[in-house]
Amino acid sequence: LEKRPSSRRSPPWGCPPQPRSGTSAWRVTAVSKALDTHAVLNQVSFEVERGDRVALIGPNGVGKSTLLKIVMADLEADQGTIEWGHQTDVGYFPQDYHQILPAEQTPYGWLSAQALGQPEAELRKLLGRVLFTGEQVKHKIMTLSGGEATRLVFSRLMLRQDNVLILDEPTNHLDMEAIDALAEALNAYAGTLICVSHNRFFVESIANRILELTPEGFNDFRGTYHEYLQKQGTDHLEVTHAPKAVSEEARSQKEKNQLNYEEQKKHQRQLRALERKIPELAAQCDRLEQQLATLTETLAEAYISGTSEAQARLLKQQEDQQAALDACFAEWEAAELAYEELL
């Protein structure tokens, strides 16, 4: 089915890599890790070669993000080694990317700190490519939506031009237009890529190799996700994220993929709408609180020197203002809960 044209803008991603790495990008040897006495990784070994576009998949809680954190030295393995290949420059998109974004910093200030010596015009041009324009580059990072923060982290990857990219759930806060554009850019990327994602469309678009991590072991499949499903039969990218057996006759995947794609678009539209609505409600509540405080001061003065008519009128206004504030707070709380449920 043809997608209907959308008025929503998508960022023109692009990560042109530096000079090529060696043939072997990195090697993981017998890595094991236990968290809270529970073994999440057990003797995992694989090698990623230059040009591989790897999707790391598996059931939730099996250790996919833990493995990437070990690869990036953000977490120490209980045993095993990580060896990087010759001339590898690594860009990392962590799942908990908020830890690398200072809340009080601005997008321009943060990106400028990552790129010492870059002219302001070049940094603003790069921020413009990820849809930060005008005064948006001066807003505090704490006010950014999930999608805006994601685009900001990618601006650093675009600036660095690494020849290896490690992406942990990069599509979580992106709308479908942005996911389309990111998949297109990564397909044009000449470097090496490994990615954790539950987004079926994204994985099917970019991966030429599937690394399946399960509690029972590790499966290395050379091919696309569709080919993996045909030959291996375990689907980890359902909407429910629950693995289930896939029969041969179920491999007429187009209609199912289209349905999932439409569901994901609807889900992303709902998230995007709430990402816009929540800060608007917060600002509205703040305005109403300020107005109520001013009205309360005026009422206090009226009780001292005003007429009874003025006191009654101001008291009615105060009650109406309080009711409006209570309703705004309730709507804000409902929007926050709805957003958390969609994540």
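Below are my entries, from the overall picture down to single residues.

**Ground rules.** I'm working with a predicted model, where local features need pLDDT of at least 70, side-chain atom pairs count only at pLDDT 80 or more, and totals for chains, interfaces and linings use all residues. Residues are numbered from 1 along each chain as its sequence is written, and side-chain values use heavy atoms, with hydrogens and water left out.

**Overall picture.** I find nine helices and 11 strands in the protein. Helices (H or I, at least four residues) and strands (E, at least two) are DSSP runs, numbered from the N terminus. The protein has 343 residues, and 47% of them count as buried. My cut-offs there: buried is under 20% relative accessible area, exposed is over 50%, and partly exposed is in between, with a 1.4 Å probe and protein chains only. Next I checked contacts, meaning heavy atoms within 4.5 Å. Taking those between residues at least 6 apart in sequence, 69% join residues at least 24 apart.

**The largest core.** I looked up the nonpolar cores, each a set of buried Ala, Val, Leu, Ile, Met, Phe, Trp, Tyr and Cys residues joined through side-chain atoms within 4.5 Å. The largest has 35 residues, and Leu101, Leu152, Leu167, Leu186 and Phe202 have the most contacts inside it. Two or more residues each come from helix H2 (107–114), helix H3 (120–129), helix H4 (146–160), strand E6 (164–168), helix H5 (176–188), strand E7 (192–196) and helix H6 (200–206). Which element gives the most to this core? H4 does, with seven residues. Apart from this core lies another, of 26 residues, including Trp26, Phe46, Val90 and Ile194.

I then followed Leu167. Setting aside neighbours within four places in sequence, Leu167 is in contact with Leu68, Phe93, Phe154, Leu157, Leu186, Leu193, Ile194, Cys195 and Val196.

A reminder to myself: two packed helices are described by the angle between their axes and the distance between the axes. The axes are lines fitted to C-alpha atoms, for helices over the stretch in contact, and angles run from 0 to 180 degrees between N-to-C directions.

I started with H2, where Pro107, Gly109, Trp110 and Leu111 are buried. H3 and H4 are among what covers the buried residues of H2. H2 packs against H3 at about 120 degrees, with the axes 10 Å apart. That angle makes H2 and H3 oblique to each other; under 35 degrees would be roughly parallel, over 145 roughly antiparallel, 65 to 115 roughly perpendicular, and the rest is oblique. Pro107, Tyr108, Leu111 and Ser112 of H2 meet Glu120, Leu123, Arg124, Leu126 and Leu127 of H3. H2 passes H3 in a right-handed crossing. A crossing is right-handed if the near helix is turned clockwise from the far one by less than a right angle, and left-handed if anticlockwise.

Next came H3 and H4, whose axes come within 9 Å and cross at roughly 125 degrees. H3 is therefore oblique to H4. Leu123, Leu126, Leu127 and Arg129 of H3 make the contact with Leu152, Ser155, Met158 and Leu159 of H4. H3 passes H4 in a right-handed crossing.

Glu169 sits in the loop between E6 and H5. Buried or exposed, I wondered about Glu169? Glu169 counts as buried, because its relative accessibility is 6%. Beyond residues up to four places away in sequence, Glu169 touches Phe93, Gln95, Val196, Ser197 and His198. The side chains of Glu169 and His198 are joined by a polar contact of 2.7 Å. For that term I need a pair of N or O atoms within 3.5 Å; within protein, one must be able to donate a hydrogen and the other to accept it, and residues adjacent in sequence count only if both atoms are side-chain atoms.

His236 is in the loop between strand E10 (234–235) and strand E11 (244–245). His236 is buried, with a relative accessible area of 4%. Its side chain makes a polar contact of 2.7 Å with that of Glu212.

Most residues other than glycine have a negative phi. Ala73 has a positive one, about 65 degrees. Ala73 lies in the loop between helix H1 (64–71) and strand E4 (79–84), and counts as exposed at 66% relative accessibility. Gln87 also has a positive phi, near 55 degrees. I found Gln87 in the loop between E4 and strand E5 (90–93), partly exposed at 40% relative accessible area.
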